[in-house]
Amino acid sequence: LGVVADVQFADAEDGYDFSGCRRRYYRHSLRLLRDAVRAWAAESPPIDFVLQLGDSIDGLNARRGEAEGALQQVLEALGRLPVPVHHAWGNHEFYNFSRARLVHSGLCSRPAEGSAGPPDRHCQAYQCRLAAGLRLVVLDTYDLSTLGRDPDSPRHQESLRLLREKNPNEDLNSPAGLKEPQFVQFNGGFSQAQLNWFDEVLKFADGNQEKVIVMGHVPIHPDASDGISLAWNYQAALSVIHSHQCVVCVIAGHLHDGAYCLDCHGVHHLTLEGVIETPPDSNAFGTIYVYEDKMILKGRGRIADRVMHF
C-alpha cells in the first residue's frame, strides 16, 4: 500500500499556514507527489493500492478560481499508477468543492454500485476487500460538518448547532478556552448512521476472521493527535472499533507533524506527516507491507520506518 497525506497542491508561491508560522510549499507539493508515484512504480513486487488521506489540494485554489485545474493535476499524477487509489475527503476538499460536486469527481473512490457504504450516497465511507483476509474501511470524518453542505440542509444545521454548543468562540476555527478543543470547524465527525454501518462491517469482518485497516482524514485517537486535530465524536468511533477484534490499524492525515500510538486494545493509530509542509529537498510518503502478523511502514523523508505487530 502506498500512503500519502495532505498534498494541498496549489500553483502558487510558498506561503504559511493560518498561524503565519509554518511554511507551506504549495507548488513543490505536486513535485513531491510525482516523486512518490515514481518510487511506488519502481516497487518490486509492485504495490497493489494507494491510500490518499485527504487534503489533496489547498483551499487557496478556491480563492484563485483554480480548484478544478489543481485537482486535475493531482489526479493525473496519481493516475500514472495502474492501481486503485482510495481517497479520503479532508477539509481542504470542502474549501474547494461542495459534497455534491465531490461525489461526481475523481476523488470519489466509493463504488458507484452495490452496498459498499452507508445508504447516504453523499457519504464517502465505504469498505472493500484488499486481499484474502484483509479489508479496508474508509471513514468519512466530515459526515457531521458545516463544510461542503448547503447551509439550508438538515445535516448542515445539525452540525452547526453541535459546533456552536461546544464552541462559543466568534471564530469557529479557534479552540481557545474549549474543554473539548476538537470542536473547531476544520474538523468534523461521524453521523450515527455511519457509525451503525461501521459496526456492521466490523461484525462481518470478525465473523470471517479478517483483519481490517481503517483510513480517514481526521485522527480518531487523542494520542495520535495534538488534541485539536481530532474527530469531533472520536470516542464513538473508538467505541465501535474496540467492540470488535478485527481492526489492526487506523491511518489518518490532517495533523501535518504526524503522530503515532498503540492504544490499550492493541490497535495502531498512524497519523501521516503532510506533504504540504515538507521542504522540496525531502518528502513525506510511505509504503506499507502487510503480513499475516504485522505491517511494516517504509517511510521516505519526514516519515519514519515503523513495524506494527498485530
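Is His87 buried or exposed?

Modeller: His87 is buried, because its relative accessible area is 4%. Buried here means under 20% relative accessible area, exposed means over 50%, and partly exposed lies in between, with a 1.4 Å probe and protein chains only.

A word on the basis. This is a predicted model, in which local features need pLDDT of at least 70 and side-chain atom pairs count only at pLDDT 80 or more, while totals for chains, interfaces and linings use all residues. Residues are numbered from 1 along each chain as its sequence is written, and side-chain values use heavy atoms, with hydrogens and water left out.

His87 belongs to strand β5 (residues 85–87). Strands (E, at least two residues) and helices (H or I, at least four) are DSSP runs, numbered from the N terminus. Now look at what surrounds this histidine. Leaving aside residues up to four places away in sequence, His87 touches Gln52, Leu75, Leu78, Gly106, Leu107, Ser109, Gln124, Tyr126, Val138 and Met215. A touch is a contact: heavy atoms within 4.5 Å.

Follow Met215 from that list. Strand β9 gives the most, with 3 residues. The volume of the largest cavity is about 40 Å³. The structure holds 1 cavity of 30 Å³ or more.

How is such space found? Rolling a probe the size of a water molecule over the atoms shows where empty space is left. The search uses a 1 Å grid over the protein atoms alone: a cavity is a set of points where a 1.4 Å probe fits but cannot get out, a pocket is an open set with protein on both sides within 12 Å along at least five of seven lines, and lining residues have an atom within 4 Å of a point. Points are joined across faces, edges and corners, and a volume is the space filled by probe spheres set on them.

The largest pocket holds about 510 Å³ of space. Its lining has 22 residues, and Asp17, Phe18, Arg24, Phe186 and Ser229 lie nearest its centre. Helix α4 (residues 91–96) supplies the largest share of that lining, 3 residues.

Next, helix α1. It has 14 residues (28–41), and at 1.5 Å a residue they should span 20 Å; the end C-alpha atoms are 20 Å apart, which agrees. The expected span is 1.5 Å times one less than the number of residues. Buried residues of α1 are Ser29, Leu30, Leu32, Leu33, Ala36, Val37, Ala39 and Trp40. Their cover includes β1 (2–4), β4 (50–52), α3 (67–78), β12 (284–290) and β13 (294–301).

Now the rings. There are 4 aromatic pairs. Rings of Phe, Tyr and Trp (its six-membered ring) pair if their centres lie within 6.5 Å; planes under 30 degrees apart count as stacked, over 60 as edge-to-face and the rest as tilted. Trp40 and Phe285 form an edge-to-face pair, because their ring centres are 5.5 Å apart and their planes stand at 85°. This pair links distant parts of the chain: Trp40 in helix α1 and Phe285 in strand β12 are 245 residues apart. Trp40 is buried, with a relative accessible area of 1%. Phe285 is buried too, at 3%. Trp89 and Phe94 are also edge-to-face, because their ring centres are 6.1 Å apart and their planes are at 85°. Both Trp89 and Phe94 are buried. Ring pairs join Trp89, Phe94 and Tyr142 into a cluster.

Last, the backbone. Most residues other than glycine have a negative phi, and most peptide bonds are trans. Ser44 and Pro45 are joined by a cis peptide bond, with omega about 0°. Pro45 sits in the loop between α1 and β4. Asp55 has a positive phi, near 60°. Asp55 lies in the loop between β4 and α2 (60–64), and it counts as buried at 1% relative accessibility. His254 has a positive phi as well, near 75°. The loop between β9 (247–252) and β10 (259–262) holds His254, which counts as buried at 9% relative accessibility.
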